[in-house]
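Please look over the structure shown here before reading on. The paragraphs after it go through selected side-chain contacts and surface features.

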Amino acid sequence: MVSQIAQAIRLAFLIIPNITGAVHVMANPCYSYHMDKIVETGKRLHKICNLLDPAFDTNRLVMKVAATWEGLQACRELALCGIKTLATTVFPMEQVVLAGEAGCVSMSPFVHEAKAHFDEKYSDEMPLLRLCVQAQQFYKKRSINTKVKACATLSVDEILQLAGVDALTIMPEDIQNLQKGTGCIRLVENQSLFGDNSIADDSDYPSYLDDESTYRLDFSRNGQGKGQYKLMQVLAIFSDFQFKGEEFMKAHQQLFHLKPEVILQYSTL
């Protein structure tokens, strides 16, 4: 039987012709605390893409990895193999620092915790807009190549406040609302937090790359554990979607029918 990762990549290849630039693929969130499994997944991803289309430039692939300690150590290992990663589910600065040290090409601070996107009755009163600014300043000050790719905004106003960030993940309805705007550059500049000099974070963060105990302590203490709670919450939500996706793939095997000789190639992946 063809592995589910091979099926998912085959489906993704139907979409790739419509994508320019990087192609992002999420690592299984159920592996978020398993460094070896994440590294194995990254290598399998590249191997399967080469089998499906030898002409495809795997340098375009960026694997999204949950920013746990294990996940970021996996990103470090994958970077040594020439495999690009994006550290996702980032909340406090400790994750920002380690993602840069691990060699992630980009990382995604979640402006709002995941629950705010799935529970209409829940309101996240403290969006992490300022974290995006602090993270970008941190990387530029230290000449770290990691880019800030902000995500999980809930309004056009928040998107405008982040004008100047390296990259943004924007919901379709927000893109439509932005297209309806006046496009006034001065309005955007006035709202952007990237012109606010008071946001600078001058904290002297230690190197976490080879110091797991210090990292875990600082991460758990930040904001009285709020970042740690948000990370656990979003991984629980993402893992639930993973299970649902796997069940869907099992129920629709016929949609991913492959030739016998190709199935034999995938059987060891």
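What follows is a walk through aromatic pairs, salt bridges, cysteines, a helix and a surface patch.

This is a predicted model, in which local features need pLDDT of at least 70 and side-chain atom pairs count only at pLDDT 80 or more, while totals for chains, interfaces and linings use all residues. Residues are numbered from 1 along each chain as its sequence is written, and side-chain values use heavy atoms, with hydrogens and water left out.

Helices (H or I, at least four residues) and strands (E, at least two) are DSSP runs, numbered from the N terminus. A residue is called buried under 20% relative accessible area, exposed over 50%, and partly exposed in between, with a 1.4 Å probe and protein chains only. A salt bridge is a side-chain nitrogen of Lys or Arg within 4 Å of a carboxyl oxygen of Asp or Glu.

The aromatic rings come first. A pair of aromatic rings is described by the distance of the centres and the angle of the planes. Rings of Phe, Tyr and Trp (its six-membered ring) pair if their centres lie within 6.5 Å; planes under 30 degrees apart count as stacked, over 60 as edge-to-face and the rest as tilted. The structure has 9 aromatic pairs. One of them joins F13 and F56 edge-to-face, with 5.3 Å from centre to centre and 65 degrees between the planes. This pair links distant parts of the chain, 43 residues apart: F13 belongs to the loop between α1 (4-12) and β1 (23-26), and F56 to the loop between α2 (35-52) and β2 (61-66). F13 counts as buried because its relative accessibility is 17%, and F56 counts as buried because its value is 7%.

Y215 and F219 make another pair: their ring centres are 5.7 Å apart and their planes are at 15 degrees, so the pair is stacked. Y215 and F219 are 4 residues apart in helix α10 (residues 212-221), so about one helical turn separates them. Y215 is buried, with a relative accessible area of 1%, and F219 is buried at 7%. Ring pairs also join Y215 and F219 with W69 and Y208 in a cluster.

Side chains of opposite charge can pair when their charged atoms come close. There are 4 salt bridges in the structure. In one, E70 meets R216, and the closest N and O atoms are 2.8 Å apart. E70 is buried at 17% relative accessibility, whereas R216 is partly exposed at 35%. A network of salt bridges links E70 and R216 with E212.

A salt bridge also forms between D210 and R76, at 2.9 Å from N to O. D210 is exposed, with a relative accessible area of 63%, while R76 is partly exposed at 26%.

Helix α11 (residues 226-251) holds K244 and D240, which are 4 residues apart and therefore separated by about one helical turn. K244 and D240 form a salt bridge whose closest N and O atoms are 3.3 Å apart. D240 is partly exposed, with a relative accessible area of 35%. The charged end of K244 also sits over the ring of F241, 5.6 Å from the ring centre; this description requires NZ of Lys or CZ of Arg within 6 Å of the ring centre and within 35 degrees of the ring normal.

How many disulfides does a search of the whole structure find? The search finds 0, taking a disulfide as a pair of cysteine sulfur atoms within 2.5 Å. Among the cysteines, C49 is buried at 2% relative accessibility and C81 is partly exposed at 39%.

Helix α4 (residues 93-101) is mostly covered, with 8 of its 9 residues buried. Among these buried residues are M93, E94 and V96. After α4 comes G103, which has a positive phi, near 85 degrees.
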